[in-house]
Amino acid sequence: MSTPQWVKKLGGHAGELYVAAELSKRGVPNALLPENFSDDDIMAGGKDEMQLCFIQVKSCHPERSKSFILRAAQEQWEEAPENQFFVFVWLGAPGKNESPQYWVARKHEVGVACRQHPAHGTSNWDVALKPEIFHQSGITRGPQLSLT
């Protein structure tokens with residue numbers, strides 16, 4: 001049976017709230033952005049525009065999926081500015097009392113990784129990233145969330 005859309009939305013919103021809470025816990029001012037605001041979910045940083053950044057969150061609920069799905073459109077992030085980030089949030093299985101985990105990357109890094117993936121240029125482009133891949137890459141794992 002397919003997962004209802006409202007359940008998927010709740011998982012996405014849970015991931016966004018989790019990232020916002022982690023930023024707040026570290027003293028980084030942030031705000032959730034309206035849905036589909038330039039593909040970004042959170043704006044973070046001080047009032048000084050030099051420290052402002054935008055974050056897109058991709059959440060995955062392990063009881064519904066074993067991986068994060070990226071699409072060909074993410075290849076365009078190769079040109080993303082340095083102040084744009086992507087946070088992968090593994091929500092953890094409630095039935096197993098697992099805590100969430102997260103990994104932080106610049107959007108640029110995700111775009112480069114997508115373009116270098118073997119599926120690049122094929123008709124079946126979807127890339128399924130399992131959390132194990134982050135342990136083998138340069139993507140930062142929380143809680144050392146850094147916006148510098």
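Trainee: What percentage of the 148 residues in the chain is buried?
Mentor: This is a predicted model, so every value here is computed from it. Buried means under 20% relative accessible area. Of the 148 residues in the chain, the buried share is 39%.

Trainee: How many helices and strands does the chain have, and in what order do they run?
Mentor: The chain holds 3 helices and 8 strands. Start at the N terminus and read along. The order is α-β-β-β-β-β-β-α-β-α-β.

Trainee: What share of the contacts with a separation of 6 or more joins residues 24 or more positions apart?
Mentor: Contact means heavy atoms within 4.5 Å. Take the contacts with a separation of 6 or more. Residues 24 or more positions apart account for 58% of them.

Trainee: How many of the residues of strand 5 are buried?
Mentor: Look at both sides of strand 5. Gln84, Phe86, Phe88 and Trp90 point one way, and Phe85, Val87 and Val89 point the other way. Residues on both sides are buried. The count for strand 5 is 7 of 7.

Trainee: Which strand pairs with strand 5 in the parallel sense?
Mentor: Strand 5 and strand 6 pair in the antiparallel sense, over 6 bridges. There, Phe86 stands opposite Ala105, and Val89 stands opposite Tyr102. Elsewhere, Val57 stands opposite Val87 of strand 5. The parallel pairing with strand 5 runs over 7 bridges, and the partner is strand 3.

Trainee: Why is strand 6 described as largely enclosed by the rest of the structure?
Mentor: Count its buried residues. Strand 6 is largely enclosed because its buried residues number 5 of 6.

Trainee: What kind of aromatic pair do Phe68 and Phe88 form?
Mentor: The structure holds 5 aromatic pairs. For Phe68 and Phe88, the ring centres are 5.2 Å apart and the planes stand at 70°. Planes over 60 degrees apart count as edge-to-face. So this pair is edge-to-face.

Trainee: How many residues apart are Phe68 and Phe88?
Mentor: Phe68 is in strand 4 and Phe88 is in strand 5. Their pair links distant parts of the chain. Phe68 is buried, at 1% relative accessibility, and Phe88 is buried at 1% too. The separation between Phe68 and Phe88 is 20 residues.

Trainee: What is the angle between the ring planes of Phe86 and Phe88?
Mentor: Both Phe86 and Phe88 are buried. The ring centres of Phe86 and Phe88 are 4.6 Å apart, and the pair is edge-to-face, with planes at 65°.

Trainee: Within what arc do the buried residues of helix 2 fall?
Mentor: In helix 2, Lys107, Val110, Gly111 and Cys114 are buried. They line one face of the helix, because seen down its axis they fall within an arc of 100°.

Trainee: Which strands do the buried residues of helix 2 pack against?
Mentor: An α-helix has 3.6 residues a turn, so residues three or four places apart point the same way. In helix 2, Val110 and Cys114 are among the buried residues. The buried residues of this helix pack against strand 2, strand 3 (53–60), strand 4, strand 5 and strand 6.

Trainee: Is Met43 buried, partly exposed or exposed?
Mentor: Met43 is in strand 2 (residues 40–44). Beyond its neighbours within four places in sequence, its contacts include Pro29, Leu33 and Phe54. Its relative accessible area is 29%, so Met43 is partly exposed.

Trainee: What is the phi of Asn97 near?
Mentor: Asn97 is in the loop between strand 5 (84–90) and strand 6 (101–106). Asn97 is exposed, at 70% relative accessibility. Most residues other than glycine have a negative phi. Asn97 has a positive one, near 55°.

Notes
Residues are numbered from 1 along each chain as its sequence is written. This is a predicted model: local features need pLDDT of at least 70, side-chain atom pairs count only at pLDDT 80 or more; totals for chains, interfaces and linings use all residues. Side-chain values use heavy atoms; hydrogens and water are left out. Helices (H or I, at least four residues) and strands (E, at least two) are DSSP runs, numbered from the N terminus. Buried means under 20% relative accessible area, exposed over 50%, partly exposed in between (1.4 Å probe, protein chains only). Rings of Phe, Tyr and Trp (its six-membered ring) pair if their centres lie within 6.5 Å; planes under 30 degrees apart count as stacked, over 60 as edge-to-face and the rest as tilted. The arc is that of the directions from the helix axis to the C-beta atoms. Two strands pair if DSSP finds at least two bridges between them.
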